Amino acid sequence: MEGQLCANSEISLEKPPGASPPSCIALLKIYRELLVSKIRNTQCLIDNLLYNEYFSTEDAEIVVQFPTQADKVRKILDLVQSKGEEVSEYFIRVLQKVTDAYYELQPWLDEIAYEPSENICSRPVVNTDPVSRYCQKLRYELGRDSKFVMSYAQREEMLLEETYSNSVMELVSFTNESLGEVCQLEALFDDAVGLINEDGETIYVFGDAGIGKSILLQKIQSLWARKQLDIGAKFFFRFRCRMFSCFKEDEAVCLKDLLFKYNCYPDQDPAEVFRHILQFPHTVLFTFDGFDEIYSNFDLSSVPEMCSPDEPSHPLVLLVSLLRGKILKGSKKVLTARTGTEIQRNIIRKKVLLRGFSSSNLKEYTAMFFKDEGQRALVLNQLEANPNLCSLCSVPLFCWIIFKCYEHFRSMYDSHELPDCSVTLTDVFLLMIEVHLNRSLKTSLLKSNTRSQAEMFKARKETLLALGKIAYRGMGNSFFIFEQEEVTAANISEEDLQLGFLRTVKGYTGCDSQSTYEFLHLTLQSFFTALFLVIEERVGTKEILQFFNECSSTETAQPTCLHIPWLKKHLAGEDPFRNNEHFHFTNLFLCGLLSRSKQKLFRHLVLPAVIRRKRKTLITYLGESMKSHLKGLTRSRLLNYNQIQVQPNFVWMLRCLYETQSEKVGKLAAKRMHANYIKLTYCNAYSADCSAISFVVHHLQKRLALDLDNNNINDYGIKQLLPCFSKLAVIRLSVNQITDHGVRILYEELSKYKIVTFLGLYNNQITDVGAKYVAKLIEECSSLEYVKIGANKITSEGGKCLAQAIQKSKTMFEIGMWGNHVGDEGAKAFAEALRNHPTLTNVSLAFNGITSEGGKSIAEAMQHNDSVKIFWLTKNELDDEAAMSFAEMLKVNKKLVHLWLIQNQITARGVKYLSEALKENTAIKEVCLNGNLISQEEAKAFENEERIICF
């Protein structure tokens, strides 16, 4: 940069040794053309020269008369130089201090090594640059807007700093494979981690409803406003995507209006601010929240691609053009959506999966929520005693609801405890409604209101019906914003609005100037929709099943957003933004509200015969739907098992079945599975879903295999699987955020029944503590043959325990330890375990920091082993010395078939030892040496030995 700046002047400042630096007047003469080309804002210079009385009013008027910016700069330079050294130095001081306006000149200031004199330092410099002023205003407004989080009661706001708590954020690939966790929010914007497409510009954050996407964006906004997010962003524009549903089909805005009118409008020179944004798009950060919540009939295929920032167009076209980099290319964007919303790959730079609270996150949030230590301990103890409730708390929204309800009942009754029985999501939302309605009652200072839930609902039936009606009308069309006329037409009173279920939102063009409303959260709209379907007596079979049909119609063909050219091929009338999770939640709540346990609650709201009719309709549909769904699943015949591979929609079916709490329904589902190996990989199942899985699976009679790899089960989920452990022979829980606590539960349960044969715990958060529990399980369960515990945090201590347990086992067939840290001490322990082991066949100690010292111990022990067929030692630190030991081993061991020494430190000398040894060994099929210190030229010497694989 410095070279480019000074090249414009082509003047050198070379001085003889000891010469004094050039005067400020001289500097302005030498670099005149550079200054003319780089100074874009003259008003700030004029304002400061006037303020310090270096310029007269007449001087300022003369400058303003010049037509072009360059001519104005030239005139300022002439006047400044004519007024002497002090004024010339002050001119340079303004350039130095107002960095926002003159940042292009900062390298030049460094190059000339400008240091202001004491006199000039005492002179004030005021930043009147419109861009700087706008940035300050933007930070102020966004800081103010992000300071509070609106509670579910409109009259209550909570400080973001007292509400936001860290949760598990995971960088993932296009196929949702983990690339590591996000520990700091700055890492979202750091290309060193998680970059999957360098041409994309959008960081795509996704997760289930209530998992914390919106509050994450609010936290980013708050950090930026306080200058605590160092990512080079001067401008921050945030949009809630559902606002785009408010624009009429024929409405058109330009980019400048979209940015300024719907965020923050510049007080001075909007054209200059916008020009600056266009010239430096890399300084702009956008957040777009809830891409899946856009609903529009607008036909984007009829509009050409948008490339001009000045041309008015429909706001949806502008949105898509921004995301695709057609306008403001190089700007940073964060886009959120619910799981299942498909975004075209070429716009995505990173994918971030929000997984909710881990056990440690939940403890942190509990400490933040409950300031009183005694109350906090009581809550944690009750959560510990109720795994079902604990699992629901792994979703931040549901956790917040549960805690607010608990807080309310504690304040009302001083002794109320959280439920100690099986709790469904429907129960949690009913409890929230009860708390709302309780808060609205006028009570004596000396007497708490003691109305039952049923009495409370009966007294406010009309309110519940009115809210349900507007929720239902919106849900049918995927509308999430309601105009004042719609609220009035639904007979929702001002008193009803004060309950806080509906909240006002900023009015958008297309919604006139009246207030607009939305439900506190999308799941709450789903709940009120289901409530309406239950308590409105005129609702028939068609309406009861309406949203089930909406889900099944898109089950096999998820819509894909942002095709290029966007959706010219999409079916007429199909909504390209659509995501059906809100329909799934409506169905789930409907199953819960029509369960037998809720009949007592609703018998005062609707005739029992009507409830029975609706329940019969629902149960009949669930039975037939389940039968149809299970028939279409992929099935495989494995040794001792009939396997079914399910899809994410199957998890929603299980959730619905669980909400019914009907044992009859659960048994019927289990019976129709006709399988004893349930494969639920990559189904986005979280801990509370394990309640639903257990609800059905525990009815199966035979021994089971349950594959839950690559989900979000965590320790709470393992607790929810307790009813299944007596039947589980195979349990796969890899990539599931499981800690030592979860492993302890597995040990305690699996050791009771001693039937487990396969335990998969790859890529979790298990330390030596958890490794010791696995070791105890190996010792106590003679049935256990396969243990996959790689990519955890196990060191030599845990490695030794596992090795000693394997040494005692007479049945262990395979141990997978890839990607731990057992080192040489762990390797020596495994060497002893391998010596004369009768059954161990497959061993992986890859990527474990093993040097030649550990390698030699393993090689020596393998001379006394007749069982191992495959040995992986990839990505260690084995050198030629270790290779020599393995060569000696191969002369003796005639049972080993595959030896993998990929990516070690073996040279051609070590390969020669191994090659020579193979002349005495015809049993081994391959020695893989890819990625070692061998050149292609050196590898040619071993071409005749096909079993040596170097490249």
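The legends below describe close-up views of a predicted model. Because the model is predicted, local features need pLDDT of at least 70 and side-chain atom pairs count only at pLDDT 80 or more, whereas totals for chains, interfaces and linings use all residues. Residues are numbered from 1 along each chain as its sequence is written, and side-chain values use heavy atoms, with hydrogens and water left out.

View 1. Seven strands form an open sheet of mixed pairing, in the order β4-β3-β10-β5-β8-β7-β6; strands (E, at least two residues) and helices (H or I, at least four residues) are DSSP runs numbered from the N terminus, and two strands pair if DSSP finds at least two bridges between them. The edge strands, each pairing on one side only, are β4 (178–181) and β6 (235–240). On average, neighbouring strands of this sheet are turned by 20° against each other, direction ignored. Helix α11 (residues 213–225) packs on the sheet and touches β3 (168–172), β5 (202–207), β6, β7, β8 and β10 (348–356), its direction making about 160° with that of β7; axes are lines fitted to C-alpha atoms, for helices over the stretch in contact, with angles from 0 to 180 degrees between N-to-C directions, and contact means heavy atoms within 4.5 Å. Strand β7 (residues 284–289) pairs with β8 (residues 332–338) in the parallel sense over four bridges, and L285 stands opposite K332 in β8.

**View 2. Strand β3 and its two partners.** Five of the five residues of β3 are buried, where buried means under 20% relative accessible area, exposed over 50% and partly exposed in between (1.4 Å probe, protein chains only). V168, E170 and V172 point one way from the strand, and M169 and L171 the other way. The antiparallel pairing of β3 with β10 rests on five bridges, with K351 of β10 as the bridge partner of V172. Three bridges join β3 to β4, also in the antiparallel sense, and here L171 has G180 as its bridge partner. In the hairpin of β3 and β4, with five residues between the strands, N176 takes a positive phi near 65°.

View 3. E86, which lies in α7, counts as partly exposed at 34% relative accessibility. Not counting residues up to four places away in sequence, E86 touches Y54, N119, I120 and R123.

**View 4. N865 in its loop.** N865 lies in the loop between α38 (852–862) and β24 (870–872) and is buried, with a relative accessible area of 1%. A polar atom of the N865 side chain lies 2.8 Å from the backbone nitrogen of V868. Beyond four places in sequence, N865 touches L834, N836, H837 and N893.

Conventions. Polar contact = N/O pair within 3.5 Å; in protein donor to acceptor, adjacent residues only side chain to side chain.
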